[in-house]
Amino acid sequence: MTISLGELASYTDSLLEIQSTPDYPNAVNGVQLSNQSPIRKITAAVDFSTRAVEGAVTSGGNLLVVHHGMFWSGLEPITGSHYRRVRMVIEADIAVYASHIPLDRHPTLGNNALLAKELGLQPSVPFARFEDTFIGLCGESDIETAVLAASARKFARTHGGDLRTSPMQAGRRTRKWAICTGAGASADTLRETSTMGIDTLIVGEGPHWTAIYAEENDLVIIYAGHYATETLGVCALAQHLSERYDLPWNFVSAPTGL
Ligand SMILES: [Zn+2]
């Protein structure tokens, strides 16, 4: 089957509700860079980076699907490493498709739904309001917090990361949890944990002060790594598109250490 970028992108835009999902201006969801050839292989990566682009080139991928796209760091001149990456994708005729919050919040392909599943948690309500949508998920459980943290640590380590937690007492149990992948510990999400009675918050990362807030408010924050917690969505999306269009796909692992 031959599939053009336009056809694949218009399906993906509607699948992820790109048009109606609010996001940060730098996310620029959807096609960020066109190409000329039909799509023959999909390469998934968390970030648009030199390692991701090189991985697409060496594996023969000509559609790079990322969570943090080409414009993530904002308006900047196309010079230095930014120039080299842009030149590499254009020379290799690789298209770039980015999906940030639409991919965080998707009910089956999203980072949050898939991380909950990975940790054996059953979500029941949305969490982490962003404008008129929710990025994360919340649910009930009865599991020792240290056991939950251990399974999150195992997951983080399979993606080149590691795990930190705010202080917790021995034997403490998690009865109501919430997940918000990436930079999920913020003043807004901590306010929600308090109003929703959440005792354990699983995120990628957060500012130092969030651990102090947690300790003083009967909350444990599990910081499982920004990179690791956002690997699942791009892989699920690439796999879904690969099945739909009968295309091969691969994942370029390029951990950031965060
Ligand atoms: Zn992120």
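**Zinc site, sheets and helices**

Analyst: Along the chain, the donors of the zinc ion follow the spacing H-x157-H-x3-E. The model is predicted, and local features need pLDDT of at least 70, side-chain atom pairs count only at pLDDT 80 or more, while totals for chains, interfaces and linings use all residues. Residues are numbered from 1 along each chain as its sequence is written, and side-chain values use heavy atoms, with hydrogens and water left out.

User: What makes His68, His226 and Glu230 donors of the zinc ion?

Analyst: Donors are N, O and S atoms within 2.8 Å of the metal (3.2 Å for Na, K and Ca); water is not among the atoms, so sites may look incomplete. His68 (NE2), His226 (NE2) and Glu230 (OE) lie 2.1 to 2.2 Å from the zinc ion, and therefore they meet the definition. Histidine 68 belongs to strand E3 (residues 63-68) and histidine 226 to helix H9 (residues 226-229), so the pair ties together parts that are 158 residues apart in sequence. Helices (H or I, at least four residues) and strands (E, at least two) are DSSP runs, numbered from the N terminus.

User: Are histidine 68 and histidine 226 buried or exposed?

Analyst: Both histidine 68 and histidine 226 are buried. Buried means under 20% relative accessible area, exposed over 50%, and partly exposed in between (1.4 Å probe, protein chains only).

User: Why are strand E5 and strand E7 said to stand at the edges?

Analyst: An open sheet with mixed pairing is formed by 6 strands in the order E5-E6-E8-E9-E10-E7. Strand E5 (125-130) and strand E7 (164-165) each have a single partner strand, so one side of each is left without a neighbour in the sheet.

User: How do you know that strand E8 and strand E9 pair?

Analyst: Two strands pair if DSSP finds at least two bridges between them. Strand E8 (residues 173-180) and strand E9 (residues 200-203) have 4 bridges in the parallel sense, and therefore they pair. The bridge partner of cysteine 180 is valine 203, in E9.

User: Which strands make up the open sheet of 5 strands?

Analyst: The order is E1-E4-E3-E2-E11, again with mixed pairing. From one strand to the next, the twist averages 30 degrees. E1 and strand E4 (residues 95-98) pair in the antiparallel sense over 3 bridges, and leucine 33 has valine 96 of E4 as its bridge partner.

User: Why is H1 called oblique to H10?

Analyst: Helix H1 (residues 5-15) and helix H10 (residues 232-245) pack at an angle of about 130 degrees, with their axes 12 Å apart. Axes are lines fitted to C-alpha atoms, for helices over the stretch in contact, and angles run from 0 to 180 degrees between N-to-C directions. Angles under 35 degrees count as roughly parallel, over 145 as roughly antiparallel, 65 to 115 as roughly perpendicular and the rest as oblique. About 130 degrees falls in the rest, so H1 is oblique to H10.

User: What makes aspartate 218 exposed?

Analyst: Aspartate 218 has a relative accessible area of 67%, and is therefore exposed. This residue is found in the loop between helix H8 (209-216) and E10, and has a positive phi of about 55 degrees although it is not a glycine. Most residues other than glycine have a negative phi.
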